[in-house]
Amino acid sequence: MRTVVVGGTGHIGTYLVPGLVRAGHQVTVLSRGARTPYRSSGEWQQVELIEIDRAEEDAAGTFGQRVADLRPDVVVDLICFTEDSARQLAEAVNGKVQHLLHCGTIWVHGPSASVPTREDTPRHPFGDYGVAKAAIERYLLDQARRHGLPVTVIHPGHISGPGWTPVNPAGHLDLAVFEKLAQGAELVLPNLGLETVQHVHAADVAGVFLAAIANRSVAVGESFHAVADGAMTLRGYAEAVAAYFGQEPRLTFQPFEQWRATVSERDAEITYDHIAHSPHCSMEKAARLLGFRPRYSALDTTLEAIDWLVANGKLS
């Protein structure tokens with residue numbers, strides 16, 4: 001099968017593209033050429049790379065046709081962030097491809113209510129990103145029902161793994177949090193540290209996409225989560241990281257509005273976004289319909305990322 005991956009040199013594509021090649025796909029990757037995959041592998045030598053600026057092409061109304069002109073059987077869209085962008089691609093490829101897969105986000109759910117959250121839970125997104133992604137999902141699945149668009153939507157959690165910084169136990173991205181835990185220093189967490197985060201290894205996200213492609217008949221017209229089994233509380237996450245470095249955790253807690261004064265405004269915003277969602281999503285549907293189960297736990301995912309940060313001098 002000829003498969004086009006849009007944005008295939010990022011976190012997910014690093015694992016997805018080699019997996020597609022191993023599965024016998026003829027793969028073309030469209031990207032801006034701004035980065036190389038996080039991990040090299042021989043399979044990339046068999047991949048056609050086309051440099052393209054999706055934002056410019058979307059603005060010109062030409063991106064969808066550029067993809068359709070490649071005559072793919074499968075299109076995997078990893079970098080679509082607006083409904084208009086999704087519409088341009090869907091209209092161009094509908095009736096011409098066997099399968100269109102879109103990368104969404106668990107942020108479409110909004111705050112967790114009853115957990116673990118299932119894919120059929122009513123959507124209550126907030127924030128620009130979650131609202132936009134929910135609108136894309138709604139449009140694509142409506143097109144599947146009304147016009148036979150062969151689409152599947154995959155919703156990852158906090159994508160992580162070697163090569164980049166995972167969301168830390170304080171809910172933001174400052175490496176100093178990991179440094180404190182590694183040194184046995186005191187770490188202040190917001191509230192009681194009982195809000196949750198749900199990391200997922202990029203390899204497992206790629207695995208859900210591959211499983212959906214392999215099980216097209218049951219995947220079309222559906223959404224699937226791509227997360228680790230189980231979520232971590234901020235407190236439990238901090239305690240586990242401290243133990244990993246052979247330290248006793250020294251945790252204290254402050255109400256969020258008091259705690260936010262101890263970090264930068266940007267870090268406070270990122271943390272609020274995470275704790276206001278406090279995700280804990282189910283992987284039961286992917287197991288039942290696609291036969292997929294995550295290889296990595298949320299903690300294993302973050303520890304592998306931390307190991308990479310240490311090995312590459314990002315953490316001392």
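Biologist: Which residues in α4 meet residues in α5?

Modeller: Before I answer, please keep in mind that this is a predicted model. From α4, Glu83, Ala86, Arg87, Ala90 and Glu91 meet Ala135, Ile136, Tyr139 and Leu140 of α5.

Biologist: Why are α4 and α5 called roughly parallel to each other?

Modeller: Helix α4 (residues 83–93) packs against helix α5 (residues 128–147) at an angle of about 25°, and their axes are 9 Å apart. Angles under 35 degrees count as roughly parallel, and therefore α4 and α5 are described that way. As for handedness, α4 passes α5 in a right-handed crossing.

Biologist: Thanks! What makes α1 mostly covered?

Modeller: A residue is buried when its relative accessible area is under 20%, and 10 of the 12 residues of α1 are buried. Among them are Ile12, Tyr15, Leu16, Val17 and Leu20. After α1 comes Gly24, with a positive phi near 95°.

Biologist: And what makes strand β2 mostly covered?

Modeller: The reasoning uses the cut-off of under 20% again. In β2 (residues 26–31), five of the six residues are buried.

Biologist: How do you know that β1 and β2 pair?

Modeller: Pairing needs at least two bridges between two strands. Strand β1 (residues 2–6) is joined to β2 by five bridges, and they run parallel. For instance, Thr3 has Val27 in β2 as its bridge partner.

Biologist: Which strands and helix make the right-handed β-α-β unit?

Modeller: That unit is made of β1, helix α1 (residues 11–22) and β2.

Biologist: How many bridges pair β2 with β3?

Modeller: Four, in the parallel sense, with β3 spanning residues 48–51. Here Thr28 has Glu48 in β3 as its bridge partner. Strand β1 also pairs with β4 (residues 74–77), in the parallel sense over four bridges, and Val4 has Val75 in β4 as its partner.

Biologist: In the open sheet of seven strands, what is the order?

Modeller: The order is β3-β2-β1-β4-β5-β6-β11, with parallel pairing.

Biologist: Why are β3 and β11 called edge strands?

Modeller: Each of β3 and β11 (222–226) pairs on one side only. From one strand to the next, the twist averages 20°.

Biologist: Which strands does α5 lie across?

Modeller: Helix α5 lies across β5 (99–103), β6 (151–156) and β11, and runs at about 155° to β6.

Methods
Residues are numbered from 1 along each chain as its sequence is written. This is a predicted model: local features need pLDDT of at least 70, side-chain atom pairs count only at pLDDT 80 or more; totals for chains, interfaces and linings use all residues. Side-chain values use heavy atoms; hydrogens and water are left out. Buried means under 20% relative accessible area, exposed over 50%, partly exposed in between (1.4 Å probe, protein chains only). Helices (H or I, at least four residues) and strands (E, at least two) are DSSP runs, numbered from the N terminus. A crossover is right-handed if, with the strands pointing away from the viewer, the path from the first strand over the helix to the second runs clockwise. Axes are lines fitted to C-alpha atoms, for helices over the stretch in contact, and angles run from 0 to 180 degrees between N-to-C directions. Angles under 35 degrees count as roughly parallel, over 145 as roughly antiparallel, 65 to 115 as roughly perpendicular and the rest as oblique. A crossing is left-handed if the near helix is turned anticlockwise from the far one by less than a right angle, and right-handed if clockwise. Contact means heavy atoms within 4.5 Å.
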